[in-house]
Amino acid sequence: MILFRSLVFFIIYAVTAVLFSCLGVLLWPLPFKWRYAVISQWAKTNIWLLAKICDLHLEVEGKEHIGGEPAVIICKHQSAWETLALQAVFPPQVWVLKRELLWIPFFGWGLASLNPIAIDRKAGRKALGQVIEQGLDRLSSGAWVVVFPEGTRVAPGRMGKFGIGGARLAVDTGYPVIPVAHNAGHYWPKRGFMKKPGTIKMVIGEKIETSGVDAGALNQQLFEWMQLQMTRLEGKKPLQQDKKT
């Protein structure tokens, strides 16, 4: 039954991704918030479909911490699920992502229409400068910026080393940070087809102000918060994974 439900969800997920990506291209001349309002319905619909088809639900703790001011979201990365769920929970947002994602037919076109900060992860300081410059532009326009500090999806029970980009973006621009933890990888695993029934828990931390804060100290604070929350969600302290896989 899980296999059948996962197959049905995947078919709808894939077909609607193509349709909404094409729609995103057609809506490109419109302002970002208008495009986002339409295209984000794909993510919200798929979160709803996960509950209806796969019996996979979302539970949010700390939603009261969101508020109305744009912020930098520092999110745990385990699955494709969080890219959908963040759109269902937070205000309009853009993501810092690897530029190769924009080269994927259909999906990349729709993604490009949502003003992402697409970087070459091998570019080092140049990429960091791009994140800060374009991040400030997005935040100033009212959009939130999502950063996955581990840089790639990391399996449950593990945590990747946090890159400094998200913390630097917040400190250099003066915008606050909101950390987000979840256990989606147990239900929608990396490169996994099967969607296990259950409830994915998302924890939203308190807003952290960044005025006069050292970026390195902030990054460590975020890592320790994430480690604590993942220990609580998964029942054991995650192992540190330094190498990106």
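Leu-3 lies in helix 1, which covers residues 2-26. Helices here are DSSP runs of H or I with at least four residues, strands are runs of E with at least two, and both are numbered from the N terminus. The model is predicted: local features need pLDDT of at least 70, side-chain atom pairs count only at pLDDT 80 or more, and totals for chains, interfaces and linings use all residues. Residues are numbered from 1 along each chain as its sequence is written, and side-chain values use heavy atoms, with hydrogens and water left out.

Leu-3 is exposed, at a relative accessible area of 52%. The cut-offs are under 20% for buried and over 50% for exposed, with partly exposed in between (1.4 Å probe, protein chains only). Leu-3 belongs to a nonpolar surface patch with Ile-2, Leu-7, Phe-10, Ile-11, Val-15, Leu-19, Phe-193 and Met-194. Together these residues have about 780 Å² of accessible area. Areas come from the Shrake-Rupley method with a 1.4 Å probe, and for residues only the protein chains shown count as cover. Patch members have over 30% relative accessible area and no salt bridge; nonpolar side chains (Val, Leu, Ile, Met, Phe, Trp, Tyr) are joined within 5 Å, like charges within 9 Å.

Now the length of helix 1. Its 25 residues should span 36 Å at 1.5 Å a residue, and the end C-alpha atoms are 36 Å apart, which agrees. The expected span is 1.5 Å times one less than the number of residues.

What are the buried residues of helix 1? They are Ser-6, Phe-9, Tyr-13, Thr-16, Ala-17, Ser-21 and Gly-24. An α-helix has 3.6 residues a turn, so residues three or four places apart point the same way. The buried residues of helix 1 pack against helix 2 (32-54), helix 3 (81-89) and helix 4 (107-112). Contact means heavy atoms within 4.5 Å.

Next come the rings. The structure holds nine aromatic pairs. Rings of Phe, Tyr and Trp (its six-membered ring) pair if their centres lie within 6.5 Å; planes under 30 degrees apart count as stacked, over 60 as edge-to-face, and the rest as tilted. Tyr-13 and Trp-188 have ring centres 5.8 Å apart and planes at 75°, so this pair is edge-to-face. The pair links distant parts of the chain, 175 residues apart: Tyr-13 is in helix 1, and Trp-188 is in the loop between strand 7 (177-182) and strand 8 (198-204). Tyr-13 counts as buried at 18% relative accessibility. Trp-188 is also buried, at 6%. Phe-32 and Tyr-36 make a tilted pair, because their centres are 5.7 Å apart and their planes stand at 45°. Both lie in helix 2, four residues apart, about one turn of the helix. Phe-32 and Tyr-36 are both buried. Ring pairs also link Phe-9, Tyr-13, Trp-42 and Trp-188 into a cluster.

Charged pairs follow. The whole structure has six salt bridges. Each is a side-chain nitrogen of Lys or Arg within 4 Å of a carboxyl oxygen of Asp or Glu. One joins Lys-207 and Glu-69, at 3.9 Å from N to O. Lys-207 is in the loop between strand 8 and helix 7 (215-234), and Glu-69 is in the loop between strand 1 (56-61) and strand 2 (72-75), so the bridge ties together parts 138 residues apart in sequence. Lys-207 is partly exposed at 26%, and Glu-69 is partly exposed at 36%.

Lys-76 and Glu-150 form another salt bridge, at 2.9 Å from N to O. This pair also links distant parts, 74 residues apart: Lys-76 in the loop between strand 2 and helix 3, Glu-150 in the loop between strand 5 (144-147) and strand 6 (158-160). Both Lys-76 and Glu-150 are buried. Asp-137 and Arg-138 meet at 3.2 Å, N to O. Here Asp-137 is partly exposed at 48%, whereas Arg-138 is buried at 12%.

Finally, the backbone. Most residues other than glycine have a negative phi. Asp-55 has a positive phi of about 55° although it is not a glycine. Asp-55 sits in the loop between helix 2 and strand 1 and is partly exposed at 35%. Phe-106 also has a positive phi, near 65°. Phe-106 is in the loop between strand 3 (93-98) and helix 4, and its relative accessibility of 34% makes it partly exposed.
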